[in-house]
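Please walk me through this structure in the viewer, one selection at a time. I would like to know what to pick next and what is found there.

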Amino acid sequence: MTDAPLADQLEAVLRSRRFGLPLHCYGRLGSTNEAAARLAQADAPEGTLVTAEEQVSGRGRQGRSWHSPPGVGIWMSLILRPSIDPEKCTGIPLLGALAVASGIEQVTRARPQLKWPNDVYMDGRKVAGVLGESVVEGTRVKFAVLGMGINVNLPASALPPELSATAGSLAMATGRTWDRVAVLAAILAGLEERYDAYVARGFSAIRTEFLSSTHLVGRPVEVIYPHGSVSGTVLDMAANGELVLATGGGTSQVRVGEASLKVK
Ligand code: BTN
């Protein structure tokens, strides 16, 4: 079920002009986010991309791990150096999730759903996740690492028991395998297309598109924090990417990056 290593074809296929340059393709790695952060600390330029065939300590949000078996997924991290207010970094993973969903749709013609803040679903199963990590110096963003994990050709049998009820893959959702290079190239091109507008205008530049790709508006949700939760009906997304909920006592806005969401 595994295809040719990404490194063999990626350079020739990439349509993006800035993202993916330079390119660091690894076989087995701890975490592409960690490797990208190390490169960024050593002054690697914006657009540097790190990919791995397999991650042995792939990282997810909120301290979780990310299952990253060899040859069947896209495990990649992009270095960004946006000139933005550090507060706006919270929207970068949302930008990533939008580009991932749109790249998947372009290649497979199936339309994924976004689940705020940055999960990508197909057929009710999570097929991709995004992990944004940034380093801020004073009022300046030194760099951000945008990590994206896409389960492309994982068969259901490759999912560990703890993920078997909730995780999916493009192959599981569509009944066939896909060329990882084509999916990766479409995601990077989509990121590049939206990135300048994001840097100039923040989340409001992608808000309408994000809203049209999410099924949450009008739905009752529970947003879980590490130390509590809030329940309500999703009304909207604010211009800064926060989720706006109608709660018993009025409305409340939930900050990006702090919560995971459970649709009831
Ligand atoms: C999530 O919890 O949904 C985020 C998962 C992000 C996984 C990707 S895989 C490539 C990059 N490197 C990592 O260690 N994590 C991200």
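The tour goes from the ligand to its surroundings and then to the salt bridges.

This is a predicted model, in which local features need pLDDT of at least 70 and side-chain atom pairs count only at pLDDT 80 or more, while totals for chains, interfaces and linings use all residues. Residues are numbered from 1 along each chain as its sequence is written, and side-chain values use heavy atoms, with hydrogens and water left out.

**Stop 1: the ligand**

Select the ligand, then the 20 residues around it, of which Ser31, Gln55, Arg59, Arg61 and Lys126 come nearest.

Now show the contacts between N or O atoms (pairs within 3.5 Å). On lysine 126, a polar side-chain atom is 2.6 Å from a ligand oxygen. Threonine 32 places a polar side-chain atom 2.9 Å from a ligand nitrogen, and a polar backbone atom of asparagine 33 is 3.5 Å from a nitrogen of the ligand. Of the 420 Å² of accessible area that the ligand has on its own, the protein covers 99% (Shrake-Rupley method, 1.4 Å probe).

**Stop 2: the shell**

Colour the shell by secondary structure, with helices (H or I, at least four residues) and strands (E, at least two) taken as DSSP runs numbered from the N terminus. At least two shell residues come from each of α2, β3, β6 (125-137) and β7 (140-151). Which strand gives the most to the shell? β6 does, with four residues.

**Stop 3: glutamate 34 and arginine 59**

Select glutamate 34 and arginine 59, which form a salt bridge with the closest N and O atoms 3.0 Å apart. The term means a side-chain nitrogen of Lys or Arg within 4 Å of a carboxyl oxygen of Asp or Glu. Because glutamate 34 lies in helix α2 (residues 32-41) and arginine 59 in the loop between β2 (49-55) and β3 (73-80), the pair ties together parts 25 residues apart in sequence.

Glutamate 34, at 34% relative accessible area, is partly exposed, and arginine 59 is partly exposed at 31% (between the limits for buried, under 20%, and exposed, over 50%; 1.4 Å probe, protein chains only).

**Stop 4: glutamate 137**

Move to glutamate 137, which is partly exposed at 41%. Its side chain meets that of arginine 140 in a salt bridge of 3.0 Å, N to O, and that of lysine 142 in another of 3.9 Å. To finish, display every salt bridge in the whole structure: there are 11.

Technical notes:
A residue is near a molecule or strand if one of its heavy atoms lies within 4 Å of it. A polar contact is a pair of N or O atoms within 3.5 Å; within protein, one must be able to donate a hydrogen and the other to accept it, and residues adjacent in sequence count only if both atoms are side-chain atoms.
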